[in-house]
Amino acid sequence: MSERRKPTKEKTKFWKELAEAKEKEALAFAAKIRAKEVK
Amino acid sequence: MTLSRQLADLTSGGSTTLATLDDVGDVNLTGLEDGKVIYRDGATSLWKAAWANPKDPVADLRDFLDARYGAGVWTGRTGVGTGTDIGPAIEDAGLALRSRYGRGTIRIPPDQWLMTTPPSAASINGHMIEGTSNSIGCQIVFNNNNAAMFTFSGAGGYTAGGVRHLALMLEANAGSSNSYVIHLQGDATNQPDQFLIEDIYSSSLDATAFWYNGFLLNGQSRTSPQGIRVGSINNYQQFRCRNMSFGFFNAVQWNISNIGSYSGTGTGMNIYIGGGGTASTNTTQMDITNLVCSGELNLTNATNVAISGLTNTLATATSFDYYWLDLNHNGWSGSLGGSGYQRFL
């Protein structure tokens, strides 16, 4: 049944790339906030 | 006392009595902190300086920081775990609004703030907590790894309230915390109905600090009228959780658009829609659009729910029934109830 098909290479690649992009975003925002810290 | 002395008192956040307002024009106001206004407090017949007009049901966080810590003494967040704890000032603001108006708005100015002690539900129930600019400009950093940042319970009949235009960040070095971002949960009598969440960006300040839960709604303890009733979430991105990003348990009539879960660990990117297993404890009448779930979208114990968007994986049970699902998923396990429409990519 097509709705239950196993993960596809294409979709797995999409989620991997999204995870990488969001990880970069999270780190960049955290760095932006921490850049304001008084050393 | 001279007017200049009185104004010096105002400058430092204190109070004084002025002869007439006309006299103010004759005095050097240079020292008055930029942005503060002078108002007459009818209760004490004193002239005071404040950021917000207390005649309005709006509290400015800075006024309550002045009152609790002293004008010019408090600071925003200045480093990891350092800065003035704004939690007690939010508590004070909430109680002041409660006393005078019942419900109101607590404004958080654009800055980077530290919260170590979360305000009690009793103080913030029914109030709107809002950043004055947007979720990027108004940041609250939670320096507590074992509590909920904002809990709303509806206790005392103070239902409603909301959180908007804020970045809610877990402090660096928090590790695998037990903290929640927003927790809605009441009892058999009161729940935080009519709730509004908008424009929230939640993450942590380093790659190893994880919230336990992001947003958790649990209305299962009230069965009549059932659940936490009528609410909306618009534009809420949740990063860095380790248990779940969003959970809706006995939510009734909620409208949700553009929520996402990202960069979590374990089950932290999962989104749950469910309930206790009986009609009066299950979720019903929910509409979710533009969903991005980077973990598992877990659907059980709910009826009349419509969802469209993306999910990495999908897990369902037959107790999820009367549904409209329009999803792009990358793997589905379980079964659905007998009545519904589904369109899967």
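## Ground rules

Residues count from 1 along each chain as its sequence is written, while chains are lettered from A and ligands numbered from 1 in the order in which they are written. Since the model is predicted, local features need pLDDT of at least 70 and side-chain atom pairs count only at pLDDT 80 or more, though totals for chains, interfaces and linings use all residues; side-chain values use heavy atoms, with hydrogens and water left out.

## The largest pocket

The largest pocket comes in at about 600 Å³. Of its 28 lining residues, B:Tyr39, B:Ala50, B:Pro54, B:Asp63 and B:Phe64 are the closest to the centre. (A pocket here is an open set of points on a 1 Å grid over the protein atoms alone, where a 1.4 Å probe fits, with protein on both sides within 12 Å along at least five of seven lines; lining residues have an atom within 4 Å of a point. The volume is the space filled by probe spheres set on the points, which are joined across faces, edges and corners.)

In chain B, strands E2 (37-41), E3 (46-50) and E4 (58-60) each give the lining at least two residues, and so do helices H3 (61-69) and H4 (87-101). Helices (H or I, at least four residues) and strands (E, at least two) are DSSP runs numbered from the N terminus. By type, the lining splits into 13 nonpolar, five polar and 10 charged residues. Nonpolar covers Ala, Val, Leu, Ile, Met, Phe, Trp, Tyr, Cys and Pro; charged covers Asp, Glu, Lys and Arg; the others, Gly among them, are polar.

## Salt bridges

Across all chains there are 12 salt bridges, each a side-chain nitrogen of Lys or Arg within 4 Å of a carboxyl oxygen of Asp or Glu. One of them joins A:Glu25 and A:Lys22 at 3.1 Å, N to O. These two sit three residues apart in helix H1 (residues 9-34) of chain A, so about one helical turn separates them. A:Glu25 is partly exposed at 30% relative accessible area, while A:Lys22 is buried at 16% (buried is under 20%, exposed over 50%, partly exposed in between, with a 1.4 Å probe and protein chains only).

In chain B, B:Glu171 and B:Arg77 pair up at 2.9 Å, N to O. That bridge spans 94 residues, from the loop between strands E10 (161-170) and E11 (180-184) to the loop between H3 and H4.

B:Arg164 is partly exposed at 23%, whereas B:Glu130 is buried at 8%. Together with B:Arg107, they form a network of salt bridges.
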